[in-house]
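Here are some notes to read alongside the structure, written for someone meeting it for the first time. Please keep the view open and follow the points in order.

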Amino acid sequence: MIVSILLWNTEGNKNNLVTLLEEAEYDILCIQEPWIEKRTKSTYCPRGSKYHLIHVPGGKAAIFVRKRFAVSGWEY
């Protein structure tokens with residue numbers, strides 16, 4: 001199986017992250033400096049996104065795994 005990975009620094013810009021989640025066609029997105037919502041200390045990943053979010057609240061990086069990979073098939 002071939003897995004495509006993108007590493008990108010969004011510089012804390014929500015618009016960059018939103019665009020990436022809507023347009024990217026990668027299996028895994030590794031994001032440096034994701035936009036952080038001040039109240040929840042988490043980053044943006046809408047329920048309807050094509051990605052699962054892996055992010056520790058307050059962390060400076062996030063990983064998005066494409067939903068075609070069942071959560072039961074991997075761990076972090």
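1. Where is the place of A61? A61 sits in strand β4, a strand here being a DSSP run of E with at least two residues, and a helix a run of H or I with at least four, numbered from the N terminus. At 47% relative accessibility, A61 counts as partly exposed; buried means under 20% relative accessible area, exposed over 50%, and partly exposed in between, with a 1.4 Å probe and protein chains only. Not counting residues up to four places away in sequence, A61 touches I31, P34 and H55, where contact means heavy atoms within 4.5 Å. The C-alpha atoms of A61 and I2, 59 residues apart along the chain, are separated by 24 Å.

2. A word on what you are looking at. This is a predicted model, in which local features need pLDDT of at least 70 and side-chain atom pairs count only at pLDDT 80 or more, while totals for chains, interfaces and linings use all residues. Residues are numbered from 1 along each chain as its sequence is written, and side-chain values use heavy atoms, with hydrogens and water left out.

3. Now the overall plan. Along its principal axes, the C-alpha trace spans about 35 × 25 × 20 Å. Buried residues make up 30% of the 76 residues.

4. The four strands form an open sheet in the order β1-β2-β4-β3, with mixed pairing; two strands pair if DSSP finds at least two bridges between them. β1 (5-9) and β3 (51-54) stand at the edges with a single partner strand each, so one side of each has no neighbour in the sheet. Neighbouring strands are turned by 20° against each other on average, direction ignored. The angles use lines fitted to C-alpha atoms, for helices over the stretch in contact, and run from 0 to 180 degrees between N-to-C directions.

5. β1 and β2 pair in the parallel sense over five bridges, and L7 stands opposite C30 in β2. Strand β2 (residues 28-32) also pairs with β4 (residues 61-66), in the antiparallel sense and over five bridges. There C30 has I63 of β4 as its bridge partner. Helix α1 (residues 14-23) packs on the sheet and touches β1, β2, β3 and β4, its direction making about 175° with that of β2.

6. Which residues of β2 are on its covered face, and which on its uncovered one? L29 and I31 make up the covered face, while I28, C30 and Q32 belong to the uncovered one. As background, side chains in a regular strand alternate between the two faces of the sheet.

7. Next, look inside. The largest nonpolar core has 10 residues: L6, L17, L20, L21, A24, L29, I31, Y51, A62 and F64. Such a core is a set of buried Ala, Val, Leu, Ile, Met, Phe, Trp, Tyr and Cys residues joined through side-chain atoms within 4.5 Å. α1, β2 and β4 each supply at least two residues of this core, and α1 gives the most, with three. Leaving aside neighbours within four places in sequence, A24 is in contact with T19, L29, K50, Y51 and R66.

8. E11, in the loop between β1 and α1, has a positive phi near 55° and counts as exposed at 61% relative accessibility. E33, in the loop between β2 and β3, has a positive phi of about 50° and is partly exposed at 42%. For background, most residues other than glycine have a negative phi.

9. Finally, visit the segment after β4, where Y76 is placed. Y76 is exposed, with a relative accessible area of 74%. Its C-alpha atom is separated by 9.9 Å from that of I63, 13 residues apart along the chain.
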